[in-house]
Amino acid sequence: TQQSLIRNFCIIAHIDHGKSTVADRVLQLSGVVSQRDMHDQFLDRMDIEQERGITIKSQAVRVPWVKDGTEYTLGMIDTPGHVDFTYEVSRALEACEGAVLLVDATQGIEAQTLSNLYMAIEHDLTIIPVLNKIDLPSADPDRHAAEIANLLGCSPDDVLRVSGKTGEGIRELLNQIVDEVPPPHGQSQAPVRALIFDSVYDPYRGIVTYIRMVDGELKARQKIRMMSLGTVHDPGELGVICPDMIATKALGAGEVGYVITGVKDVAQSKVGDTITTETLPAEQPLPGYRDPQPMVYSGLFPVDNAQFPELREALDKLKLNDAALVYEPETSVALGFGFRCGFLGLLHMEIVSERLSREFGLDLISTAPNVTYKVTMEDGSQHLVKNPSEFPDGKVKKIVEPLVAASIITPKEFIGSVMDLCQDHRGQMGTMEYLSPERVEMHYTMPLAEIVFDFFDQLKSRTKGYASLDYHEDGEQAADLVKVDILIQGDKIDAFSAIVHKEKSYTYGVMMTKKLRELIPRQQFEIPIQAAIGSRIIARETIRALRKDVLAKCYGGDITRKRKLLEKQKAGKKRMKMLGHVEVPQEAFIAALSTG
Ligand code: GDP
Ligand code: MG
């Protein structure tokens, strides 16, 4: 394809503002997907995306578009909106020259509208502002066009109005993309340089790598070299996604497509790496990506410990498609062998464990999430604690926790409740700006640990769902934190140790001991369950002793029933963990860990 006829753009917006739906209409209007094959959120290809109605992965598709008799090639990337997937968006931006900034005409600008916009500006993309959902009776396009114009410094008339539902305005949008988004400016005659912006493990084809050609032309069956690793491969096939994979003879500068690299080892296909050719290699790689920093950590353990090798393999494959995931092996007294994994947030964590169970058939337990702490001891030694159970013994001098800069957009009547909530979560208020006479953006500095767990749900409920939240890591502070241990019959249960603020330590201790008392079945002896800070007990519950005589219920009669009961009890035993003398069903751990 001639470079001057290519337009690469992404669709960015706050979650639920209609990116995937607008992308659907583009696929339909351009004839790439027939009426018969069309279904909602077509590009949300994973089951989990369809069920939850959210986009997790960016998806690139090639779409032909004719304007004034000339056929253009549009490279469209639909992106996720949730704050946990910002890293997905930043990679998509790298493959584009333009961004369609979509704003729901019933809601206006929200927190991720702003963060995505700032990212697009940082990447020097041409921004096309668009109001979506104008078909809805509650849409107020005039008011929100003014808000957007105010933000971008354009005229309200420059803001397009579309409906992803009815398709109104989509034709005009595509024409405007052709007119305003500049064509790619790579050098078509230079040595090949292609940026790997994503990859995925396909059980039938092996590793599929998504690339944005920057310079040169890559031909099928040409030997390729990964520039950062220096490895050389014989690619099987290359092509474009339209919306299925279609093999082509070559990919030219500016095009977005895929290569099946033939790489066997997943570690050799690194997102952000530059592909060049073996025969005529480029001198300099492309800038690539900054590795994302995990925000929260949690342990992932197979319910059946024999599945540990499968879990490792599954993580390796998932990592390919999820560059933000990090993991290292971990052992736990209570849960056996597993991995300590780093995630970008709680939704990311949830999605990873769900994908592991769906796509790889693994049954997993995840421990309570935590952030990382820098601990300095009285003896001067320093420790980076990613796992509360690895908290060093001895006298602690200082604990430092990560902070975030948070931005909350809310209608002004909720300012008071938002302030209360932030205060409860140890937030420090910064500035406050009016986006319009009715809506404000509030800035806070807050401990990451306070914001990643239940903050968002509380924010939503206190503002009737109207507030939106965005945050990024920003500095650290020393804080009054303590480690709370949970002991069953005097034995510390590593999976339940937590680092919490001193003021909340008692609540945590009481909650966990209560919960475990309810979950652990009575046994022949009394079992104390305690919460402790160091050697000081802060909460205690007791499971009273029981003479466990299951056959007593059978009144001596029915022998088959007796046998069944015994068998049932035996099966139950298999899933028991022995902690000292105490038998704890694995389900008790899962239940205690799952509800926070
Ligand atoms: P995304 O998170 O930005 O990808 O948003 P989706 O495309 O998944 O859309 C979120 C919800 O808004 C879905 O229920 C869509 O059906 C709905 N929606 C999207 N665009 C429109 C529109 O133009 N009009 C109406 N009425 N609903 C829309
Ligand atoms: Mg979507």
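# Patch, rings, ligand and salt bridges

Tutor: Strand β24 (residues 428-434) gives the most to the nonpolar patch, with three residues. The model is predicted.

Student: Which residues make the nonpolar surface patch?

Tutor: Met419, Met429, Met432 and Tyr434 make it, and it covers about 350 Å². Methionine 419 sits in helix α9 (residues 415-424).

Student: What makes methionine 419 partly exposed?

Tutor: Its relative accessible area is 32%. Buried needs under 20% and exposed needs over 50%. The 32% of methionine 419 falls in between, so the residue is partly exposed. A patch residue needs over 30%, so methionine 419 passes that cut-off too.

Student: On to the rings. How many aromatic pairs does the structure hold?

Tutor: Five. One of them joins phenylalanine 308 and phenylalanine 337.

Student: Why is the pair of phenylalanine 308 and phenylalanine 337 called tilted?

Tutor: Take the distance, then the angle. The ring centres are 5.9 Å apart, and a pair needs centres within 6.5 Å, so the rings count as a pair. The planes stand at 50 degrees. Stacked needs under 30 degrees and edge-to-face over 60, so the pair is tilted.

Student: What makes this a link between distant parts of the chain?

Tutor: Phenylalanine 308 is in helix α7 (residues 308-321), and phenylalanine 337 is in strand β19 (residues 336-343). The two are 29 residues apart.

Student: Which residues do the ring pairs link into a cluster?

Tutor: Phe308, Tyr327, Phe337 and Phe339.

Student: Now ligand 1. How many residues surround it?

Tutor: 17, and the closest are Asp16, Lys19, Thr21, Asp135 and Gly164. Helix α1 (residues 19-29) gives the most to this shell, with three residues.

Student: How do you know that threonine 21 makes a polar contact with ligand 1?

Tutor: A polar side-chain atom of threonine 21 lies 2.5 Å from an oxygen atom of ligand 1. A polar contact is a pair of N or O atoms within 3.5 Å, so this one qualifies. Glutamine 41 has a polar side-chain atom 3.1 Å from a ligand oxygen atom. For lysine 133, the distance from a side-chain N or O atom to an oxygen atom of ligand 1 is 3.0 Å.

Student: What share of the area of ligand 1 does the protein bury?

Tutor: The protein buries 81% of the 580 Å² that ligand 1 exposes when taken alone.

Student: Lysine 133 again. What makes its pairing with aspartate 104 a salt bridge?

Tutor: The closest N and O atoms are 3.1 Å apart. The cut-off is 4 Å, so the pair is a salt bridge. Aspartate 104 lies in strand β4 (residues 98-104) and lysine 133 in the loop between β5 (126-132) and α5 (141-152), so the bridge ties together parts 29 residues apart in sequence. Aspartate 104 is buried at 3%, whereas lysine 133 is partly exposed at 21%.

Student: How many salt bridges does the structure hold?

Tutor: 34. Another one joins aspartate 179 and lysine 67, with the closest N and O atoms 2.9 Å apart. Aspartate 179 is in helix α6 (residues 170-180) and lysine 67 in strand β2 (residues 59-67), 112 residues apart.

Student: Why is aspartate 179 called exposed, and why is lysine 67 called buried?

Tutor: Aspartate 179 is at 52%, which is over 50%, so it counts as exposed. Lysine 67 is at 15%, which is under 20%, so it is buried.

Key. Residues are numbered from 1 along each chain as its sequence is written. Chains are lettered from A and ligands numbered from 1 in the order in which they are written. This is a predicted model: local features need pLDDT of at least 70, side-chain atom pairs count only at pLDDT 80 or more; totals for chains, interfaces and linings use all residues. Side-chain values use heavy atoms; hydrogens and water are left out. Patches are made of residues with over 30% relative accessible area and no salt bridge: like charges are joined within 9 Å, nonpolar side chains (Val, Leu, Ile, Met, Phe, Trp, Tyr) within 5 Å. Accessible areas come from the Shrake-Rupley method with a 1.4 Å probe; for residues, only the protein chains shown count as cover. A salt bridge is a side-chain nitrogen of Lys or Arg within 4 Å of a carboxyl oxygen of Asp or Glu. Helices (H or I, at least four residues) and strands (E, at least two) are DSSP runs, numbered from the N terminus. Buried means under 20% relative accessible area, exposed over 50%, partly exposed in between (1.4 Å probe, protein chains only). Rings of Phe, Tyr and Trp (its six-membered ring) pair if their centres lie within 6.5 Å; planes under 30 degrees apart count as stacked, over 60 as edge-to-face and the rest as tilted. A residue is near a molecule or strand if one of its heavy atoms lies within 4 Å of it. A polar contact is a pair of N or O atoms within 3.5 Å; within protein, one must be able to donate a hydrogen and the other to accept it, and residues adjacent in sequence count only if both atoms are side-chain atoms.
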